[in-house]
Amino acid sequence: MEYDPVCNMKVSKDSKFHSDFQGRTFYFCCEGCKSEFDSNPIKYSRK
Ligand SMILES: [Zn+2]
């Protein structure tokens, strides 16, 4: 399992919402969290 860095929910790696940033892949529970991450990836990727 992965953690959604925006809302801290557990997310399955087969989630269709994910983004690559600085060589890591981040997974999200929903489109809204992915959009939030994409608008400010540096803030969220530090967690
Ligand atoms: Zn989320």
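In strand 4, Y27 is the bridge partner of H18. The model is predicted: local features require pLDDT of at least 70, side-chain atom pairs count only at pLDDT 80 or more, and totals for chains, interfaces and linings use all residues. Numbering starts from 1 along each chain as its sequence is written. Strand 3 (residues 18-21) and strand 4 (residues 24-27) pair in the antiparallel sense over four bridges; pairing requires that DSSP finds at least two bridges between two strands. Two residues separate these strands in a hairpin, and Q22 in the turn has a positive phi of about 50°.

The protein contains two helices and four strands. Helices (H or I, at least four residues) and strands (E, at least two) are DSSP runs, numbered from the N terminus. Their order along the sequence is β-β-β-β-α-α. The C-alpha trace spans about 20 × 20 × 15 Å along its principal axes. Of the 47 residues, 21% count as buried. A buried residue has 20 or more other C-beta atoms within 10 Å of its own, an exposed one 12 or fewer, and a partly exposed one a count in between, with C-beta atoms placed from the backbone.

The largest nonpolar core has seven residues: V6, V11, F26, Y27, F28, C33 and F37. Such a core is a set of buried Ala, Val, Leu, Ile, Met, Phe, Trp, Tyr and Cys residues joined through C-beta atoms within 7 Å. Strand 4 and helix 1 (31-39) are the elements that give two or more residues to this core. Leaving aside neighbours within four places in sequence, F26 is in contact with P5, H18, S19, F21, F37 and S45. Contact requires C-beta atoms, placed from the backbone, within 7 Å.

Helix 1 has C33, K34 and F37 as its buried residues. They lie on the same side of the helix because they cover an arc of only 100° around the axis; the arc is that of the directions from the helix axis to the C-beta atoms. E31, G32 and S39 are exposed on the other side. The buried residues of helix 1 pack against strand 3, strand 4 and helix 2 (41-45).

F17 sits in the loop between strand 2 (10-11) and strand 3. F17 is partly exposed because 17 other C-beta atoms lie within 10 Å. Not counting residues up to four places away in sequence, F17 touches Y27, F28, C30, E31, C33 and K34. The C-alpha atoms of F17 and I42, 25 residues apart along the chain, are separated by 18 Å.

How values were computed:
Contact = placed C-beta atoms within 7 Å.
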